[in-house]
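Subject: Structure handover

Hello,

Here is the structure you will be taking over. My notes on it follow below.

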Amino acid sequence: MARGRAKRPDKLLTEVELELMTIVWQLGGATVTEVIERLPPGRSLAYTSVSTILRILEQKGVLATEKVGRGHRYLPQVGRDDYQSFALRDVVGRVFGGQPVELVKRLFEGDGLKPEDVDELRALLSPSRSERS
């Protein structure tokens, strides 16, 4: 994380913004070239496109820059956990009527959870864990 206190997100990121932001989070900061090098195989974005998107993220306050040689290094200003919480609250509000339990029910009823995922969730909800909190 960059110096100073992490900001709270105030807008959802677009799909491509989130894709690039995920790379920056993984690296803890990155140049345009480093982001391009980390794109998945078969995913090609022009240098100018990546640069433009990173500048937009900077304008949104999600990234900050520091000068490195002739270029810039982009540093996260919003933590990944903070963004995930923000996005999840948005989904719960818009899709599940503000009811987090409805989201959890859907997870349990769907095909997305493996048995070990269910076990982990049960452990999180166990009475002995909630007594420690």
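With which residue does Lys-60 form a salt bridge? The partner is Glu-17, and the closest N and O atoms are 2.9 Å apart. A salt bridge here is a side-chain nitrogen of Lys or Arg within 4 Å of a carboxyl oxygen of Asp or Glu. Lys-60 lies in the loop between H3 and strand E1 (63-68) and Glu-17 in helix H1 (residues 15-27), so the pair ties together parts that are 43 residues apart in sequence. Helices (H or I, at least four residues) and strands (E, at least two) are DSSP runs, numbered from the N terminus. Glu-17 is buried, at 6% relative accessible area, while Lys-60 is partly exposed at 32%. Buried means under 20% relative accessible area, exposed over 50%, and partly exposed in between (1.4 Å probe, protein chains only).

Before the rest, a note on the source. This is a predicted model, in which local features need pLDDT of at least 70 and side-chain atom pairs count only at pLDDT 80 or more, while totals for chains, interfaces and linings use all residues. Residues are numbered from 1 along each chain as its sequence is written, and side-chain values use heavy atoms, with hydrogens and water left out.

The whole structure has 6 salt bridges. Among them is Glu-34 with Arg-73, whose closest N and O atoms are 2.9 Å apart. Glu-34 lies in helix H2 and Arg-73 in strand E2, so this pair ties together parts that are 39 residues apart in sequence. Another joins Glu-102 to Lys-105, at 3.3 Å between the closest N and O atoms. Both residues lie in helix H5 (residues 100-109), 3 residues apart, about one turn of the helix. Glu-102 is partly exposed at 33%, and Lys-105 is partly exposed at 41%.

Strand E2 (residues 71-76) also holds Tyr-74, which is buried with a relative accessible area of 4%. Tyr-74 touches residues including Val-24, Ser-51, Arg-55 and Leu-63, not counting those up to four places away in sequence; contact means heavy atoms within 4.5 Å.

Tyr-74 is also one of the residues lining the largest pocket, as are Thr-33, Tyr-47 and Arg-73. A pocket is an open set of points on a 1 Å grid over the protein atoms alone, where a 1.4 Å probe fits, with protein on both sides within 12 Å along at least five of seven lines; lining residues have an atom within 4 Å of a point. The largest share of this lining, 4 residues, comes from E2.

Regards
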